[in-house]
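Colleague: Please take a close look at one part for me: where the chains meet. Keep it short and give me the cut-offs as you go.

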Amino acid sequence: MQGFRLSIIFLLSMLLMWADENTQLLKTPRYYFAYVLQPVNQMALLPSVIGNWFELSAQSHDTLMQQNSELKTRNLVLDQRIQRLISLETENIELRELLGASERIDDSVLSTEIITVDEDPISQQIMINRGGSDKVFVGQPVLDAKGLMGQVVEVQPNRSRVLLIADSNHEIPVQVNRNGVRAIAVGTGQIDQLKLIYVPDTADIKQGDLLVSSGLGMRYPAGYPVAEVTEVKHFAGQAYARVSAKPSAALGQSRQFLLVFNQDAAHVPDKSLWQEKP
Amino acid sequence: MSSRIIIFSSLLLLAFLLQAIPVSSMVAEFSISWVLLITIIWQLSIPRSLPILLVIFLGLLMDVQTSSLLGAHVASLSLILVLISGQQKRFRMFSIIQQMVMVFILVFIHQLALLLMTWGISDKHFSLSLWQPALISSLVWPWLSVIILAKFQRIR
């Protein structure tokens, strides 16, 4: 009897999955269902919060002093770089004006922190502590201090899920910083490896090349570091070379990230510049 | 009877809480579904007392928590429960090693079902890393069953 009822539930849940996949009906209930989970998740975070607090308060005065002076030095160096950046930016804008291209606006960002790593061993996803109440949206790019991390794929009221660039479902259009050769970087499912697809065998791409986002997918802003080429293999008779790269962002280690708010993520130059005249 | 249901329900909530605790990605590969284990124990120790609505509710919560399709965890949980319903007496006759093998197979089926149900949608890579949670679950099983199953069998 119970087996029968359970089988009915099994079939009904199949139906539910179909509805979730093919219709938009369940998106709102799912969003509000996440409110139920909030107390659970907050309680589950307690151990790590307590751990962090102990770690912080157990640090000696000397360590903190040393850290503080290191941070001050670093801050000074960064300040100096920003000064140069400002002049470069104005120069860039002027040059773009000369070219007639549209001006690139600096992205506004929101800082965020990691909550959990996906327990599923085959997917590379993380949860972060910002959600719909912070105006996070699906498709939003996420960066860490060194490069692109990935993009938001699901938004809940106070947290959201980020698909990392190393996930095997993730692809990002990139270009070689040195010469602008374009390719697509695909995740392998391993946290420290990407592979480039559709790289012609004759393309000028070498080990150590920095790959930056090209912005062509209209999803990621252009010009952020994505990965560094670690290996290029050529095969006789094959049209494409096999290229592996290592993500610039510390996908497995970073705890602090930035969410980028930029409506026209991809900077596409004015049409007259690249379209042939009839 | 009702007190056992309360105890088991709170155990389930505890299991759910345990699963929600963030762990590092190294540990995550070996993390197991405590909710699944507790439901299996419940079904085996006091058959036909498992509130089906609770299973649905927990399954849906897990779906939202892990961002899988709504219903995926409900389906995989009920599949396992269907598999073991009516097998309680036989299961109790098993030696502890046989029980561990059964738990390994059940958790493996659960993992596989979850993977298959999202097959067309997520095109996740099929990998052999499915066996890790199953192995850990079967290693945990003797302890859990000694603590929980034995206790409830004595009350009966």
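Modeller: What follows is a walk across the interface of chain A and chain B. The model is predicted: local features need pLDDT of at least 70, side-chain atom pairs count only at pLDDT 80 or more, and totals for chains, interfaces and linings use all residues. Side-chain values use heavy atoms, without hydrogens or water; residues are numbered from 1 along each chain as its sequence is written, with chains lettered from A and ligands numbered from 1 in the order in which they are written.

Start with the contacts. Chain A brings 42 residues and chain B brings 45; contact means heavy atoms within 4.5 Å. Together the chains bury about 3800 Å², which is accessible area (1.4 Å probe) lost on being put together, summed over both. Carbon and sulfur atoms carry 68% of that area.

Now the pairings. There are zero salt bridges between chain A and chain B (a side-chain nitrogen of Lys or Arg within 4 Å of a carboxyl oxygen of Asp or Glu). Polar contacts do turn up: six residue pairs across the interface, both residues at pLDDT 80 or more. Such a contact is a pair of N or O atoms within 3.5 Å; within protein, one must be able to donate a hydrogen and the other to accept it, and sequence neighbours count only if both atoms are side-chain atoms.

Which elements of chain A give two or more residues to the side that touches chain B? They are α1 (2–22), α2 (27–58) and β1 (108–117), named from DSSP runs (helices H or I, at least four residues; strands E, at least two) numbered from the N terminus. The largest share, 13 residues, comes from α1(A).

Last, the make-up of that side of chain A: 20 residues are nonpolar, twelve polar and ten charged. Here Ala, Val, Leu, Ile, Met, Phe, Trp, Tyr, Cys and Pro count as nonpolar, Asp, Glu, Lys and Arg as charged, and the others, Gly among them, as polar.

Note on methods
Buried area = accessible area lost by both parts, 1.4 Å probe.
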